[in-house]
Amino acid sequence: MDDRELLELWGLYCRPAIARTMRAVGLDAVYERAEGDYLWRRQGDELVPVLDLVGGYGANLFGHYHPDLVAEERRLADARVPFLAQASVRGGAARLAKALAERVGDYVTIFTNSGAETVEAALKHAHLETGKLTFWAVKNAFHGKTLGAVQLTWSYREPYEDWGPKVRFLDPDDPADWEAAAAEADDLAAVFLEPILGEGGVRPLPQPFADWVGAFCRERDVPLIVDEIQSGMGRTGSFLASEALGIDPDYVLLSKGLGGGMVKIGALMIRRSRFVEEFSITHTSTFAEDDRSCLVSLKALEVLERDGLPARCAAVGARLAEKLEALRARFPEQIKEVRGHGLMVGVELHDQIDSPSNTLRMLSDQKYLGYAVSAYLLNVHRIRIVPTLSQPRTLRVQPSAYIAEAELDRFVRALEQACEALRCADVSHLLGFGVGLTPNGVSDYSAPRPLKRERPRIAKRVAFIGHLVAPEHAYHWDPSLEPFGVEQVERQIYKTARVIGPSIYDQVHVRSETGEEVHFSFIGLYLTSAQFAEALEARDTDWIMEKVEAAVELARDEGCQVIGLGGYSSIIARNGKRIRTPGIAVTTGNSLTVGMGLLALKRACEDTGIDPAQSTLAVVGANGNIASTYAMMMAGEVAELMLVVRDPSSPRTRAQVEAIRNYAPGAKVTVTADLADLRHCQLILSASNAAGSIIFPEHLSPDPVVVCDISLPADVDPSVELVRPDVKVIQGGVVRLPYNDDLRFGGQPLEPGFIYACTAETILMGLEGIREHGSYGAVTPEGVHRFLAVAEKHGFRLGQVQTAQGHWR
Ligand code: F0G
C-alpha cells in the first residue's frame with residue numbers, strides 16, 4: 001500500500017478531518033522507520049531521513065529506539081519476563097517506584113498507562129483524600145482528554161463542561177484573579193499545575209504565581225499537584241521542572257519520557273502522608289504495573305543518570321534558545337517570542353495578517369500559518385516540527401536529549417529561510433513544494449500593493465462573498481503566486497478547498513454621488529467557478545454551502561447589515577433561501593444584474609445600429625429565473641418577443657406568456673422549441689442550463705445580431721465569433737463607481753473602479769439603509785426597476801459591457 005492509500009484509509013477509518021487537513025497543508029507524511037532524532041519517509045524509491053523535532057510531543061527524550069532500551073526490551077522478551085501477572089507481587093513496579101522515590105522523595109506510586117489516565121487517577125485520589133469536588137487549573141493548561149482530565153484542559157473541555165469535576169481556571173498573570181479564587185475555595189479538592197504549559201504554547205509559569213499557589217496550598221492544606229508529564233524526566237534541565245520553581249508538590253504526575261519512548265506508562269506519585277490506602281483498590285488497570293513497561297522505564301532512569309541527560313538538555317537547550325533569540329531579533333515581525341527551558345522550547349510566530357500577500361493573510365486568518373511553515377520545513381528542509389493544537393502559531397521544539405547541535409543549527413537556518421520568505425511575502429517559496437516546485441532563493445514580493453484594509457469609520461457596513469472566477473485570477477489576488485503556472489495554482493486551490501474557510505480581504509469605504517458612504521468588506525472563498533460547477537453537477541454542495549454560511553456569519557459578526565452573494569454562491573444558496581444565519585439582510589444582487597444586463601443589451605444595440613423597436617428578441621431558456629424577468633421587461637421594447645423553451649405547451653410556459661402579456665399589454669409574444677427560429681432574430685438573450693454550446697453560426701441571421709449570453713457554461717459556441725466577427729456577443733454589464741477609481745479587490749478580473757452589478761446592489765442596499773432581504777428568491781421587474789433607480793440616485797452607472805471572452809468594452 002502506498003502513502004496515498006494509507007492516508008485515504010486513515011481518513012476513512014480513523015480521523016477524517018485530520019487526514020483532510022494534513023493533506024491540504026502538506027503534512028501528510030507516512031513514516032516507516034525511526035531511530036535517534038530521525039524518522040524516515042519513503043519518497044519515490046528513496047527512504048528520506050527527516051529530523052524529528054516533534055519528538056513524540058516530548059515523549060522521545062531518549063531518541064527513537066535507544067540501543068540500551070532496545071537491549072533491555074529484548075532481554076525481557078528473551079528471558080520471558082511476565083507481561084501479564086496481575087494479582088501477584090509486581091517486582092518491576094516495586095523497583096521502579098523505589099527508583100522514582102529516590103529522585104523525588106517519599107511518595108507512593110500508582111502506575112498507569114498514559115498521561116490522561118494519570119491525571120484521572122490524581123483527580124480521584126484528591127477527591128478521596130479531601131472529599132471535595134472543585135479543582136483549580138491554569139488558563140491554557142493541558143492535562144489530557146479523558147472525561148475527567150478534559151475538564152482541566154482549557155481548550156478542549158467545552159462540549160463536556162457540565163459533565164465532571166468542576167474546575168476554576170486561574171490567570172497566572174493576574175493576582176486579583178488568584179485572590180478572588182482564594183475567597184471561594186471552600187470546596188477546593190486540589191490544584192493542578194504544569195510548571196511549563198506545554199500544549200498551551202510552551203509558557204513557563206510565572207514565578208510569583210508559583211510562589212503564591214505554593215503558599216496558598218500549604219496554608220489551606222490543599223494538595224498541590226504538578227503535572228510533569230511533559231516537562232519532567234530532565235527535559236527542562238532538572239528532573240522535575242517544578243524544582244526550578246521551588247515548588248514542593250504533594251502529587252507528581254509523570255508519563256511520556258518515563259517510558260523511554262519504548263513503552264506506554266504513567267506514574268502518579270503521592271506524598272506518603274497524604275496517600276489514602278483504599279486507593280490501591282479504587283484505581284487499578286489490567287495493564288498497569290506490568291514488568292515489561294516498568295523495567296524498561298527503570299532502565300531509562302539509569303540511562304538518564306548515566307548520561308547526565310538533564311544537564312545535557314539544559315546546556316543544549318540554552319544554546320538553542322540563544323540562537324533562536326538572535327533570529328527573533330533579526331525577524332521581529334516574523335517571530336514573536338521564544339520561550340521555554342532546556343529542550344522544551346516554543347517559537348511563537350507573528351501572524352501575517354497585514355502581509356502584502358493575500359495568501360499569507362488568508363493562512364494567518366485561518367490559523368494555518370504555523371502549519372504552512374511546518375509543512376515547508378518538512379517538505380523543503382526535511383525537518384519535522386508542528387505547532388501545538390491549541391496554539392497554532394507556536395512551533396514546539398522537543399528533540400531528544402542526545403540531539404547534535406549541528407542538527408539544531410540546521411533547524412535554525414531553515415527557520416531563518418522561512419522567516420525571510422514570510423518577510424518577503426514569497427508564497428511560492430513557502431508553498432511551491434505542494435505543486436511540485438523546488439524553491440530557489442527567496443524573491444521579494446513585499447512591495448505594498450493597492451489592497452486596502454480600511455477600518456470602518458461609519459455604521460453602514462456591507463460585505464460581499466466572492467470567489468475566483470478562474471484560477472489565473474489568483475495572480476491579481478496574490479502576485480507572489482506568479483511562479484506557479486495556472487495549472488499549479490489550480491492544483492493548489494483544489495488541494496486546500498475543503499479546509500480553507502472564508503476570509504475578509506479588502507475593506508474600503510465606497511462613496512455615492514450623494515456624498516454618503518458605506519464600509520464594504522470583500523469576503524473571499526478560495527474556490528474557483530469550476531469547483532462550484534462541479535459541486536453542483538455532482539450534487540455535492542453541502543461543503544460549499546457551509547463556507548457560504550460561515551462567510552455570512554463572519555459578515556454579521558463584523559457588524560455588516562447586508563451580505564451579497566456572488567453568482568455561484570447565489571446558486572448554491574438557492575437565491576439566498578438556504579442561508580440560515582439571522583440578523584443580516586441577504587441579497588443575490590440579481591435585480592441589478594438583470595437591470596445592468598438590460599442596459600448593456602441596449603448599449604450593444606446602439607453600437608451595432610440595431611433598433612430594438614424594429615427587432616425580434618429571442619430569449620433562450622426563457623423559463624429560468626433571470627431570463628423570464630429579462631423577457632418580461634424587454635417585451636414592450638421590441639417588435640416581437642420569441643420564447644425559446646423545451647416545451648412550448650407546458651403550463652409553465654403558458655403562464656409565463658400570460659404574465660408577459662399582462663406586464664406589457666399589446667406585446668407580440670411567440671413560443672418555439674426550435675433553435676432554427678433564431679435565424680429571424682436580431683437580438684438573442686441566452687440563458688439555457690445546457691451543459692455545452694447550443695448556439696452555432698448556422699443558427700444566426702446573416703444580418704447584424706447581438707447575443708447576450710448569460711449562461712454558464714456559455715451557450716454560444718466559440719466558433720460564432722470566429723465565423724461571424726460581426727456578431728456581437730456580450731455577457732452583461734458591470735457598474736462604474738462614481739468615486740473609488742482605484743478600487744479593485746478579490747482577484748476580480750475587472751478594471752479598477754468597476755464592480756459587478758451584484759456587488760453594486762449589495763453596496764447600494766447599505767447606502768440606502770435597506771435592512772430586509774434585497775434580491776432574494778425570484779427576480780421581479782419591480783425589483784429590477786427599484787435597484788436601477790437606486791443605482792441612478794447614487795451615480796452607479798453601467799460602466800462597461802463584457803464580451804464573451806471576458807473583455808470589456
Ligand atoms: N499532561 C500534560 C502536561 C500533557 O502534555 C499531556 C499530553 C497529558 C497530560 C496527557 O497525556 O496524551 O498521554 O493522555 N500532551 C500532548 C501534547 C498531547 O500535545 O502536549 P496523554
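## A ligand, a core and one arginine

Let's start at the ligand: Asp227 puts a polar side-chain atom 2.6 Å from one of the ligand's nitrogen atoms. Keep in mind as you look around that this is a predicted model.

In total, 14 residues surround the ligand, and the closest are Gly115, Ala116, Asp227, Gln230 and Arg396. Sort that shell by class and you get four nonpolar, five polar and five charged residues. Here are some of the polar atom pairs between protein and ligand:

| Residue | Atom on the protein | Atom on the ligand | Distance |
|---|---|---|---|
| Asp227 | polar side-chain atom | nitrogen | 2.6 Å |
| Lys256 | polar side-chain atom | nitrogen | 2.9 Å |
| Gly115 | backbone N or O atom | oxygen | 2.9 Å |

Gly115 uses its backbone here, while Lys256 uses its side chain. How much of the ligand does the protein bury? On its own the ligand would expose 470 Å², and the protein buries 82% of that.

Now for the nonpolar residues. The largest nonpolar core has 193 residues, and Leu100, Phe411, Leu415, Leu641 and Phe796 have the most contacts inside it. Helix H14, which runs over residues 405-423, supplies the largest share of this core with nine residues. There is also a second, separate core of 25 residues; among them are Ala463, Ile504, Val548 and Ala551.

Leu100 is worth a click in the viewer. Leaving out residues up to four places away in sequence, Leu100 touches Gly105, Phe111, Phe239, Leu254, Leu258, Ala267, Met269 and Leu301.

Next stop is Arg103, which is found in helix H4 (residues 91-104).

What does Arg103 touch, not counting residues up to four places away in sequence? The list is Phe239, Leu301, Leu304 and Glu305. Two of these names come with a distance for a polar pair. The Arg103 side chain reaches the backbone oxygen of Leu301 at 3.5 Å, and it makes a polar contact with the side chain of Glu305 at 3.1 Å.

Notes
Residues are numbered from 1 along each chain as its sequence is written. This is a predicted model: local features need pLDDT of at least 70, side-chain atom pairs count only at pLDDT 80 or more; totals for chains, interfaces and linings use all residues. Side-chain values use heavy atoms; hydrogens and water are left out. A nonpolar core is a set of buried Ala, Val, Leu, Ile, Met, Phe, Trp, Tyr and Cys residues joined through side-chain atoms within 4.5 Å. Buried means under 20% relative accessible area, exposed over 50%, partly exposed in between (1.4 Å probe, protein chains only). Helices (H or I, at least four residues) and strands (E, at least two) are DSSP runs, numbered from the N terminus. Contact means heavy atoms within 4.5 Å. A residue is near a molecule or strand if one of its heavy atoms lies within 4 Å of it. A polar contact is a pair of N or O atoms within 3.5 Å; within protein, one must be able to donate a hydrogen and the other to accept it, and residues adjacent in sequence count only if both atoms are side-chain atoms. Accessible areas come from the Shrake-Rupley method with a 1.4 Å probe; for residues, only the protein chains shown count as cover. Ala, Val, Leu, Ile, Met, Phe, Trp, Tyr, Cys and Pro count as nonpolar, Asp, Glu, Lys and Arg as charged, and the others, Gly among them, as polar.
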